[in-house]
Amino acid sequence: MNYLTVEHISKSYGELELFSDLSFSIHKDDKIAFVAKNGSGKTSILNILSGDDTPDSGQVVMRKGIRMAFLPQSPYFDPNLSIKDTIFSSEAPQLKIIENYEQALQNPDDTEAYQSAFEQMEIHNAWEFELQFKQILSQLKLNDLDQKIKTMSGGQIKRLALAQALISEPDLLVLDEPTNHLDLEMIEWLEHYFAKSQLTLFMVTHDRYFLERVCNEIIELDHGKLYTYKGNYSYYLEQKEARITLEQIETGKAKQLFKKELEWMRRQPKARTTKSKSRIDDFSDIKKRAHQRRKDHTVQLEINMERLGSKIIEFHNVSKAFEDKIILKNFEYTFKRGERIGIIGKNGTGKSTFLNMLTNGITPDAGKIIVGDTVKFGYYTQGGIQIKPEQKVIDVIKAFGEYIPLTKGRQISAKQLLERFLFDGKKQHDFVEKLSGGEQKRLYLCTVLIQNPNFLILDEPTNDLDIVTLNILENFLLDFPGCLLVVSHDRYFMDKIVDHLFVFQGQGIIKDFPGNYTDYRAYESSNPPKSSEATKVSTKNTSGEADNKAQKLSFNEQKEYRNLESKIRSLELDKKALEAKFNDATLNAEEINELSLELQALIEVIETKELRWFELSEKFES
C-alpha cells in the first residue's frame with residue numbers, strides 16, 4: 001500500500017540549488033533511511049514531507065487517512081506546559097481516555113465519573129496502551145511528568161518529542177537524527193523497538209548500526225540523483241560500490257566511442273544522409289557521457305602534531321561532587337602514549353564534567369590532576385563552533401593565521417585548507433550561520449585539528465556529520481599518533497577506534513574495561529544484573545521509581561507489573577465505593593450479608609494482586 005509519493009520536487013535558497021526533480025515513494029512497512037552528504041538538503045526534504053516547508057516545484061501526495069508524525073532536529077513545545085500536558089495534547093484517541101481515567105483517580109469521591117472512565121478503559125483496551133506509553137517515557141528517562149518544558153534541557157526536549165511521536169502511534173513516522181541526545185542504552189532500546197514494530201519509517205540518521213539493524217531500504221541522494229537500495233546498510237555499501245564501478249566502466253567505454261566519433265566528425269563528410277545526420281545528433285550525447293566525472297572529493301585531514309613527552313596526564317586520588325551528586329571518587333589513572341579511550345555511561349553520570357576537569361575547565365574537590373609540559377589539547381566540545389554574526393567561513397580559519405603549518409615543514413593557505421575540508425571557493429565566503437548543521441560541525445573539526453594537538457578530546461563528534469565524513473574521520477583517528485579520548489553514542493564509531501573504555505556507572509564509580517563497546521555489551525550480557533547502591537537512581541516521583549524498577553524485569557513481567565498497578569488502584573476505588581453502601585440505613589440483614597461476601601471477595605482479589613506486585617518489586621532488588 002502506497003502511503004506517500006514525492007513527485008519532482010525542487011528546492012533552492014537564492015542561487016543555491018539544494019536539489020531538483022526528485023521523486024520517490026514510501027509504502028506500508030517500509031523502513032527507509034535517507035542518505036546524503038551534509039548540505040545536500042536532507043532536513044529540507046524531511047520538512048517538506050512533514051508539511052513544515054513547501055517545495056519550489058513538484059508536490060507531495062499523501063494517501064487519504066494516513067496519520068503521520070515528525071521528529072525534527074530542534075522540536076519546540078509550549079514552555080509553560082508540563083511533560084504530562086504535552087503528551088496528552090497528542091491527537092491519539094486512547095490518550096484522551098487515559099487522561100480522563102487519570103483525572104478520575106485524582107477524584108475518588110466521584111464514583112460515577114470513575115466508573116465511566118474505567119469502563120472506557122475496558123471498552124477500548126486502553127490498559128495495554130497505558131502500559132506501552134509509560135514504558136516509552138521510562139526508557140527515555142522522562143519520569144517526572146509534572147516537569148515544565150521551560151526547565152528541560154535541549155536533549156530532554158528532543159527525547160520528549162520522540163516519546164510524543166511514538167505514543168501517537170502514527171502510520172508513518174518521519175525522523176531527523178532520532179539517536180541524537182540519546183545515551184547508548186536508549187539507542188539500543190529504540191533500535192529494538194523499531195525493528196519489531198509495524199511502524200513505517202522514513203529517517204535521516206548517521207548511526208550505521210541503526211541503519212544495519214532497522215532499515216530495509218536506503219535511498220541515497222548522490223550528485224543530484226536518487227538511488228534506491230532494497231536492503232540494509234551492508235547491502236547498500238556493496239551495491240553502491242558495484243554501481244560506481246559500473247559507472248566507471250561505462251564512462252571508459254564512452255571515452256573510447258567518443259574518440260572514434262570525434263575522428264569521424266573531423267573528417268566532415270560531404271554527404272549528409274539521414275544516417276549520418278542521426279550520427280551527428282548522437283555525438284553530443286556521447287561527448288556528455290565521456291566527460292562524466294564523479295566529484296568524489298573527500299576531506300583531507302592532516303596535522304603537524306606537537307611532540308608528546310613521556311609524562312602525559314596523571315589523576316591522583318581525584319574526587320568531584322555537586323552537592324549530593326558524586327562525579328568522581330578517589331579516581332586514580334595515568335595516561336600512556338597512544339592510548340585510545342572511549343567514555344560511555346548514562347546521561348548525567350559526569351562524562352562532560354570529567355573532560356572539563358581534564359582540560360582545567362573545572363577544579364576537582366580533592367586530589368591532583370598533573371598535566372605534562374608537552375601536552376597540547378584539541379577539545380571538540382558538544383557546543384560546537386561559536387557563531388559570530390556575519391562571520392564568513394574563511395574568516396574562521398584566518399583567525400588562526402593566513403598559513404597553517406603541516407607535516408615535514410610544509411604549510412598551506414587558509415583557502416587551501418578549507419578546500420581540503422570540502423568548502424569550495426564560493427562556500428568559503430558564505431556566512432557561517434547559513435551552513436547546515438553538518439557543515440558547521442565539519443568547520444569546527446577543522447578549527448580543532450589545525451591547532452596541531454597531541455591529546456585529542458572528542459565529545460560527541462559524530463552528531464550531524466554525514467557518513468562519508470565519518471569514515472574519513474575514523475581513518476584519520478586510526479592513524480593519529482597522539483592520545484585520544486572520545487565520548488560518543490555512535491557504537492560503530494567507538495568499535496572502530498577505541499582500545500578500552502571508561503564506563504561511568506554513577507556515584508563516582510568508573511570502570512576501566514579492556515575492549516570496545518561491542519565487547520563490553522557482550523560481557524554485560526553474559527553477567528546477570530546485580531543490585532548496587534551505586535547504580536540505583538533515586539527520584540522524587542513515585543511512578544518514576546516504578547518505571548526504573550520495571551526496566552529490570554522481563555518484557556512480560558513489565559507488562560504484568562504495569563497492569564497490576566492500574567488494576568489495584570481501580571480495585572481500591574471499587575472497595576471504597578462498596579464500603580460506602582454499608583451506610584445505607586434501609587439495608588436488611590440479607591442485603592448486608594451479600595455486601596459483606598462481595599466485599600470479602602474483593603479484598604481477597606486485592607490481596608492476591610498486591611502479593612504478586614510485591615513479588616515483582618522484590619525481584620528487582622534480588
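Predicted model: local features only at pLDDT ≥ 70, side-chain atom pairs only at ≥ 80, totals over all residues.
Residues are numbered from 1 along each chain as its sequence is written, and side-chain values use heavy atoms, with hydrogens and water left out.

Let's start with charges. The structure holds 19 salt bridges, a salt bridge being a side-chain nitrogen of Lys or Arg within 4 Å of a carboxyl oxygen of Asp or Glu. One of them links the side chains of glutamate 191 and arginine 213, at 3.3 Å from N to O. Glutamate 191 sits in helix H7 (residues 184–196) and arginine 213 in helix H8 (residues 208–214), so this pair ties together parts that are 22 residues apart in sequence. Helices (H or I, at least four residues) and strands (E, at least two) are DSSP runs, numbered from the N terminus.

Glutamate 191 has another partner: arginine 491, with the closest N and O atoms 2.7 Å apart. Arginine 491 belongs to helix H17 (residues 491–497) and glutamate 191 to helix H7, so here the bridge ties together parts that are 300 residues apart in sequence.

How covered up are these residues? Glutamate 191 is buried, at 10% relative accessible area, and arginine 491 is buried too, at 1%. Arginine 213 is partly exposed, at 45%. (Buried means under 20% relative accessible area, exposed over 50%, and partly exposed in between, using a 1.4 Å probe and protein chains only.)

Glutamate 419 and lysine 415 meet through their side chains at 2.8 Å, N to O. Both lie in helix H13 (residues 414–420), and because they are 4 residues apart there, about one helical turn separates them. Glutamate 419 is partly exposed at 38% relative accessibility, and lysine 415 is partly exposed at 43%.

Last stop: a pair of strands. Strand S19 (residues 500–506) and strand S20 (residues 509–513) run antiparallel, joined by 5 bridges; two strands pair if DSSP finds at least two bridges between them. Across this pairing, leucine 501 stands opposite phenylalanine 513 in S20. S19 and S20 form a hairpin with 2 residues between them, and in the turn glutamine 507 has a positive phi of about 55 degrees.
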